[in-house]
Amino acid sequence: MIEKLPWWVEYSAFSLSVSAGCINVIGLMGFKNQAVSHVTGTVSQLGVEILISVDSSLQLAFTLLSFILGAIICGFSIKDSGLKIGRNYSVVLVVEAILLLLALELLVNGLSSGHYFASMACGLQNALFTTYSRAILRTTHLTGIFTDLGLMLGQGIRGREFDSRKAILLLIIIMGYFLGSAIGAKLYLIIHFNALLFPAALSFMLSVIYWIHAKNIRLGKIDSSK
């Protein structure tokens, strides 16, 4: 499956993982240590807080619902899985940028509900890359990425054919998420919640690049298989 994906998927995987790492670190530093790019820890926190605090439980529940809503928006916008030029990827990326800007506007005005929009943006992005790879890859969390990489290495040691392109793509996502985390931490220390402008701008930039790429393919200027 991976070998059939066009070359630019690596670039989008790296960029999206940078964005997710940045958003999640801003969440950890600014939303009372609340992760927003993945939900496993949030579910665990909810299991604890439901016995302690109603307010915290509701906040965590809304965070989970926001992530799901983001995925729903993506599923509504891109009705089929599998990568295909011409689908509404650019629209979805613009929506992600808008959600991040809404999160920023609320947060800088002291409204904690802004992190729901950040979580929604991550749910949307995660669902978007899932449509690229038919659920083989994710960009907003790394548990599955590390699991797949370890599995591949173990099978390779036993003599099974090693999928080098998939391994490279997994490493690209890991490096992107790490870099995004570092960037997010640095920006948050300098400009606080305005750090969300970086992933918002990155999403918008990717939207423009994809739109131009898709347009050139439609006009026959470049090969659709590239």
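Let's start with Thr63: this residue is buried, with a relative accessible area of 2%. "Buried" here means under 20% relative accessible area, "exposed" means over 50%, and "partly exposed" is in between (1.4 Å probe, protein chains only). Thr63 is found in helix α3. Leaving out residues up to four places away in sequence, Thr63 touches Gln34, Ala35, Thr42, His115, Tyr116 and Ser119. A contact means heavy atoms within 4.5 Å.

Before going on, a word on what you're looking at. This is a predicted model, so local features need pLDDT of at least 70 and side-chain atom pairs count only at pLDDT 80 or more, while totals for chains, interfaces and linings use all residues. Residues are numbered from 1 along each chain as its sequence is written, and side-chain values use heavy atoms, with hydrogens and water left out.

**The overall picture**

How many helices and strands does the protein chain have? It comes to eight helices and zero strands, and along the sequence the pattern reads α-α-α-α-α-α-α-α. Helices (H or I, at least four residues) and strands (E, at least two) are DSSP runs, numbered from the N terminus. Of the 226 residues in the protein chain, 46% are buried. Take the contacts between residues at least 6 apart in sequence: 72% of them join residues at least 24 apart.

**The core**

The largest nonpolar core has 47 residues, and those with the most contacts inside it are Ile26, Cys74, Leu128, Phe193 and Leu196. At least two residues of this core come from each of α1 (8–30), α3 (54–77), α4 (89–108), α5 (114–133), α6 (143–157), α7 (164–191) and α8 (197–218). A nonpolar core is a set of buried Ala, Val, Leu, Ile, Met, Phe, Trp, Tyr and Cys residues joined through side-chain atoms within 4.5 Å. As for Leu128, its contacts beyond four places in sequence are Cys74, Ile78, Tyr89, Val92 and Leu93.

**Where α2 meets α3**

Now for a pair of helices. α2 and α3 pack at an angle of about 155 degrees, with their axes 9 Å apart. That makes α2 roughly antiparallel to α3. Axes are lines fitted to C-alpha atoms, for helices over the stretch in contact, and angles run from 0 to 180 degrees between N-to-C directions. Angles under 35 degrees count as roughly parallel, over 145 as roughly antiparallel, 65 to 115 as roughly perpendicular and the rest as oblique. The crossing of α2 and α3 is left-handed, a label used if the near helix is turned anticlockwise from the far one by less than a right angle (right-handed if clockwise).

Who makes the contact? On the α2 side you'll find Thr42, Val43, Gln45, Leu46 and Glu49, and on the α3 side Ser56, Ser57, Leu60, Ala61, Thr63 and Leu64. These residues of the α2 and α3 contact divide into five nonpolar, five polar and one charged. Ala, Val, Leu, Ile, Met, Phe, Trp, Tyr, Cys and Pro count as nonpolar, Asp, Glu, Lys and Arg as charged, and the others, Gly among them, as polar.

Leu46 sits in helix α2 (residues 40–49). Beyond four places in sequence, Leu46 touches Ser57, Leu60, Ala61 and Leu64.

**Where α6 meets α7**

Here the axes come within 10 Å and cross at roughly 145 degrees, and the crossing of α6 and α7 is left-handed. Ile145, Phe146, Asp148, Leu149 and Met152 in α6 meet Lys166, Ala167, Leu170, Leu171, Ile173 and Ile174 in α7. The contact of α6 with α7 divides into nine nonpolar residues, no polar and two charged.

**Some single residues**

Ser66 lies in helix α3 and is buried, with a relative accessible area of 7%.

His192 is in the loop between α7 and α8, and is partly exposed, with a relative accessible area of 40%. What is the phi of His192? It is positive, about 55 degrees, although His192 is not a glycine. Most residues other than glycine have a negative phi.

Ile98 has its place in helix α4 and is partly exposed at 46% relative accessible area. Ile50 is found in the loop between α2 and α3 and is exposed, at 58%.

Here are some C-alpha to C-alpha distances:

| Pair | Apart in sequence | Apart in space |
|---|---|---|
| Ile98 and Ser203 | 105 residues | 9.3 Å |
| Ile50 and Leu60 | ten residues | 9.4 Å |
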